[in-house]
Amino acid sequence: MFLLLFHKTRKSSSTQFDCSTLHKDIELKQRYQNAIVEKISDKIHPNYPNEKINEIFNDIRACAEKTLPKKKKKSFKQNYSSDPSVETLVTEKQDLTLKIKSAPSGSDVSEDRREVRNIQKRIAKRLVQINNMKADALAEEINNTDDARKMFEATRSLAGITQTGKIFVNDESNNPIATDLGKANTAKAFFEKQLNEGVEAGLPPFICDPKPLINPITSTEKPGKPKGPLTSLRPLTLLNGSRKMLTQIALKRIESRIEDYTMPWQSANKRGRSCSDIVWTQRMLISVVMRKEWTFSKMGIDMSRAFDTVKRDTIINVLKDAGCSEDDIRLVQYLLSNTFLRIRVNSSLSEEFESLLGAFQGDSLSGKLFTLILEAALHHLRAVSGRPDPPVSELGFPTEWEYSDDCDFADEDIEKLKTFFPAVKVLLKDWDLQVNESKTEFSTVYLANQSDRNSNGQPLANNVSALY
């Protein structure tokens, strides 16, 4: 009888570098990129690029070893649960293991080894019992819910989906509010003022409706904003089934009219269109800059509370201008009139209040209605300022492109854009669109010369970081 033992050789783990620091430390990224360019620039042959590929990889790794920090090794600790009996067994096992390792050579430790194996079996048996108890508790929790939610709760639990984090709301003294009902009522007072600012009455409904549309809205925290202030919350409307159905009907009826009205330079909320259209446009312009040594500038603006500031009678008037039928307009007016909201934080609801402004964020129709108003405002802006309408110059250069509330204005002279900006703010404000001046950006795209330098005094030409 022959016994064959197969042993798998353990490979030594290679050094891993912490590349996440490149996004945080600009100077480190600059040093790493410059080291790579200096190392490999003279080794790439234009006709035979693959001959020294291995050597190039080694050079890149050598640059990383000199500049990048190494990843810290993760310590994997066994988690035996917080059960007292398991903790006791683990302690006994550790003591026996230490006794075996410290025993003199040649001594009999077979009994201790046997006891260690028995403890391991007892630990495994106890862990199985704990997992079964957790499964029974989960099943009981699912069965205790109402029939309509059993499938939802079971799917969420088995998928490991946890509940969303808590919403943080501060009061007027900037102190955190503890109860969900207190958070809901505080947010209600804030959004009631925000969604009725400057409006005394809402749209009169064309269709008699004895029951107002009361929809709960939930607040989500804006990414990158401080937790607690009410200005860091974004309201999302939760629609009931009947309103969703009416919204979809209205959307299908007016969709083609709105897409014709907003024209191709608006890429948001359209089938077959996306932000990649704008990326492609700018890449094409950059290719002209690189090949023809051309220069262009752009001004990027962003709206504050874009969906919540538009007046609803303006929406109705622009729908008429877009050529929508009277029935379509009546349906949209019904959805925008007699609207009441309640703030929901977890299971707590605030008192209801009427909303007279804006298109509901979270509604499938709201994006279309907002881009409709924005296009009407921009059409007015072009007519007043004398910029080309449609926004394409005589040379075929696009002078505008938009994605929802993000608008870019392009020109060959950046000073014209800076002079144009005050007029943009004033006219868009007349359309109840508020430009966020802090997010306005001016930039120029050109082919850098050897003498051009950035704000840090570093040359722009042949600088790899300038391409990112």
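Predicted model: local features only at pLDDT ≥ 70, side-chain atom pairs only at ≥ 80, totals over all residues.
Colleague: How is a pair of aromatic rings described?

Modeller: By the distance of the centres and the angle of the planes. Rings of Phe, Tyr and Trp (its six-membered ring) pair if their centres lie within 6.5 Å; planes under 30 degrees apart are stacked, over 60 edge-to-face, and the rest tilted. That rule gives 6 aromatic pairs here. Take W294 and F397: their centres are 5.1 Å apart and their planes stand at 85 degrees, so the pair is edge-to-face.

Colleague: Which parts does the pair of W294 and F397 tie together?

Modeller: W294 sits in the loop between α9 and β3 (296-304), and F397 in the loop between α12 (366-385) and β7 (400-403). The pair therefore ties together parts that are 103 residues apart in sequence. F397 also pairs edge-to-face with F296, at 6.1 Å centre to centre and 65 degrees between the planes. That pair links distant parts of the chain too, with F296 in strand β3 and F397 in the loop between α12 and β7, 101 residues apart. The labels are DSSP runs numbered from the N terminus: helices are H or I of at least four residues, strands E of at least two.

Colleague: What do W294, F296 and F397 form?

Modeller: One aromatic cluster. F296 has a relative accessible area of 2%, so F296 is buried. F397 has 8% and is buried as well.

Colleague: Now the cores. Where do nonpolar side chains tend to be?

Modeller: In soluble globular proteins they tend to be buried together. A nonpolar core is a set of buried Ala, Val, Leu, Ile, Met, Phe, Trp, Tyr and Cys residues joined through side-chain atoms within 4.5 Å. The largest core in this model has 45 residues; I301, M303, L319, L369, F409 and L433 touch the most other members. At least two residues of this core come from each of α8 (241-262), β3, α10, α11 (326-336), α12, β8 (406-411) and α13. The largest share, 9 residues, is from α12. A second, separate core has 14 residues, among them I167, I177, F191 and F360.

Colleague: What is L433 in contact with?

Modeller: Contact means heavy atoms within 4.5 Å. Leaving aside neighbours within four places in sequence, L433 is in contact with M303, T309, V310, F370, L374, A377 and L428.

Colleague: And where is L417?

Modeller: L417 is in helix α13 (residues 414-430). Its relative accessible area is 0%, so L417 is buried. The C-alpha atoms of L417 and K298 are separated by 7.4 Å, although these residues are 119 apart along the chain. Beyond four places in sequence, the contacts of L417 include K298, R387, F409 and D411.

Colleague: Why is α11 described as largely enclosed?

Modeller: Because 8 of its 11 residues are buried, α11 is largely enclosed by the rest of the structure. The buried residues include D328, Q333 and Y334.

Colleague: How many salt bridges does the structure hold?

Modeller: It holds 16. A salt bridge is a side-chain nitrogen of Lys or Arg within 4 Å of a carboxyl oxygen of Asp or Glu. K368 and E259 meet in one, at 3.1 Å from N to O. This pair links distant parts of the chain: K368 in helix α12 and E259 in helix α8, 109 residues apart. K368 counts as buried at 5% relative accessibility, whereas E259 counts as partly exposed at 23%.

Colleague: Which side chain does R387 meet in a salt bridge?

Modeller: That of D411, at 3.7 Å from N to O. R387 lies in the loop between α12 and β7 and D411 in strand β8, so the pair ties together parts that are 24 residues apart in sequence. R387 is buried at 14% relative accessible area, and D411 counts as buried at 16%. Salt bridges that share partners also join E375, R382, D389 and E400 into one network.

Technical notes: Residues numbered from 1 in each chain as written. Heavy atoms only, no water. Buried < 20%, exposed > 50% of the residue type's maximum accessible area, 1.4 Å probe, protein only.
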